[in-house]
Amino acid sequence: MRVVRYLLQNPMSLFGLLLLLAFVLIAVFAPLLAPPTEFQLSPYDTPRAGFWATPQPPSPEARFGTTQGQYDIYYAVIWGTRTAFKIGLGVVIISALIGTAIGAIAAYYGGIIDELLMRLVDVFLAVPFLIAALVLTVILGKGLVPIIVALTAFGWMGYARVVRSEILRIREMDYVSAARAYGASDLRLIVLHILPNAFFPVLVLATMATGSMVLSASALSFLGVGTEEGYADWGNLIAYSRNWIVGQAGNPFQFWYTLVFPGAAIFLFVLAWNLVGDALRDVLDPRHQV
Amino acid sequence: MMTYALRRLIMLPVVLFALSLMIFGLQMSLSPTQRLAAYAPTDDYLKGGQEMIRTMIEQYGLDDPFPVQYARWLSNILHGNLGWSETARQPVATALSSLFPATMELVFFAFVPGLLCAIWLGSRAGTNHNKWQDHSIRVFAILGWSFPTYVFGLLMLLIFYSTLDWFPPGRLSQWAITEVNSDEFTRYTGANTIDALLNWNWPIFFDAIRHLVAPVITLMYVNVASITRVMRTSMLETLRQDYVRTARAKGMPRKVVELRHARRNALLPVVTVAGMELAYMMGGVVITETIFDFPGLGQFAAKSAAGLDFPAVLGFGIYFALVLVALNLIVDLIYPMLDPRVKTR
């Protein structure tokens, strides 16, 4: 309760929460905000008005204008919200689970297993994240699942470290000895008594990571791997805008809409998660009382 | 502390070994024909057609079992032969060493001023906790931290290139490239600004600077934002300690206590974070270099990763692991200088 009250009272995190709420609403009501047309195979295929290369400015038909290849920016921004939630939450939840499992096993068994697992973490930390994710996405092919797999494969290490150190800390506490004394099994100790107390540091890490994982995913799309051509994804839109940064002579801002709308969407989404994550860390980190 | 640093050094071969195994494993998911590109320039065997390809696969043993291939590949690498990069159309080692100065130049100009700026901003925010300075610096930091690099970079291009035409993309203008590659210009380091100064060639120097401004600002903003956050938190924590109160109580001026006593100790976590940050910049200014078409290591790594140019990816991976270990080592060595308590631990 203290946490919720703090989040609602602090103006920065309140703003973050409201932004997140807005994104959730956009994602939920996407079919109403941007109804799919009847010839689409999936609602995530952005409808296009022809195949002309030059982007078109906002008009009654396309509220935010169109990209190169005439994809509707408004439609892709709205449905891209769902994509962003899928990628962000998908990557973070799976990597938090993997990381927690590895961290818990390392801390619980200790000794050689701990050493091995932590060296494995070191190896993964020594890998350049974006490049490794890029290679894996290229091998796995285009689409959401490859992106999520690639970002998860190189993004779980932080959770393993945090969970391991939390368990090592909590294990020495009196209430754990008490539970052990009345005969709780090791599995019960870990799952019921220790892990719940390690939950908040993981939550802070996960909240902060959600925004940055969406950033990385759109960076992949920007670099030309990532989602399929025309898939409703913010990174895709940015990639399309790249060739149109330079307007015609005398009118450099001619194609502003190709960059501004998707750029603002990613920026606000990441900002929302970071604001909430920052406030969560302030209130949950015992070393950092407000 | 020293034993810890030494342990890291001993771990390096293990990390490199695991890294090579991982990358080799990924590489093995491709067909022998695709992997042939790692051994010879494509033109060589494409001329010969299917027959030639089959002979060459045989010749390089690309059909052998995994361990056999891995051992052969590893011995090649241990002999200093990193292989051929199809992306750069050069041996990997040549490509990496020719691109390294460009990235270093970019990172140097972004990191050093960025770090100083972040320390200054962070300590200002910390000493003015919950005042307007603190709030505005926090907002500045969290905005920078949330700004997608490519959006920021594209905005920079939009404003400073297509509108004002001050800072063009690339690393040098066309005339400058011709001049730099001519005989009158001696390449000492490969870093354009330094070479221009050593050659006493001011037009080249200013041209190099002109091309550096936009990517440097882009890189700096992200970097400043994340270090500022750490510095602020650390400063707040330090200012709450007893010795700060003691110093104030015995009548020391506020400024002296804050800037001389507290800031020094608050720098400790910043050293760690800045070291990591520098490592990631040296290895991963992928987006910035791609946007500004700046031919450095990050752009090369991204291109070769997208083209599944495994020798290049592995070469880059080794380079990155070495940078990471070296910087961690440096941080470990700086730490005891800032905090004498660490030595006794």
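**Entry 1: the fold of chain A**

I began by reading chain A along its sequence, and the pattern I wrote down was α-α-α-α-α-α-α-α-α-α-α-α-α. The secondary structure of chain A comes to 13 helices and zero strands, where helices (H or I, at least four residues) and strands (E, at least two) are DSSP runs numbered from the N terminus. Along its principal axes, the C-alpha trace of chain A spans about 75 × 45 × 40 Å.

I note here that this is a predicted model, in which local features need pLDDT of at least 70 and side-chain atom pairs count only at pLDDT 80 or more, while totals for chains, interfaces and linings use all residues. Residues are numbered from 1 along each chain as its sequence is written, chains are lettered from A and ligands numbered from 1 in the order in which they are written, and side-chain values use heavy atoms, with hydrogens and water left out.

**Entry 2: where chain A meets chain B**

I then looked up the contact (heavy atoms within 4.5 Å), and found that it takes 44 residues from chain A and 46 residues from chain B. The two chains bury about 4200 Å² between them, 77% of it on carbon and sulfur atoms; buried area is the accessible area (1.4 Å probe) that two parts lose on being put together, summed over both. Of the area that chain A buries against chain B, 13% is supplied by Ile131(A), Ile245(A) and Phe267(A), more than any other three residues.

Which charged pairs cross the interface? The rule finds two salt bridges there, a salt bridge being a side-chain nitrogen of Lys or Arg within 4 Å of a carboxyl oxygen of Asp or Glu. One of them joins Asp278(A) to Arg229(B), with the closest N and O atoms 3.0 Å apart.

On the side of chain A that touches chain B, the elements giving two or more residues are helix 5 (111-125), helix 6 (129-140), helix 11 (199-222), helix 12 (234-241) and helix 13 (256-284). Helix 13 of chain A gives the most, with eleven residues.

**Entry 3: a salt bridge inside chain A**

**Entry 4: a nonpolar patch on chain A**

Next I turned to a nonpolar patch on the surface, whose residues, among them Met1(A), Leu18(A) and Phe29(A), have about 1100 Å² of accessible area together. Patches are made of residues with over 30% relative accessible area and no salt bridge, like charges being joined within 9 Å and nonpolar side chains (Val, Leu, Ile, Met, Phe, Trp, Tyr) within 5 Å; accessible areas come from the Shrake-Rupley method with a 1.4 Å probe, and for residues only the protein chains shown count as cover. Helix 1 (2-9), helix 2 (11-28) and helix 3 (30-33) of chain A each supply at least two residues of the patch, and the largest share, six residues, comes from helix 2.

**Entry 5: two loop residues of chain B**

Last, I checked backbone angles in chain B, and found that phi of Asn130(B) is near 65°, a positive value in a residue other than glycine. Asn130(B) lies in the loop between helix 6 (92-127) and helix 7 (132-146) of chain B. For Asp293(B), phi is near 50°, a positive value in a residue other than glycine, and Asp293(B) lies in the loop between helix 14 (286-291) and helix 15 (297-306) of chain B.
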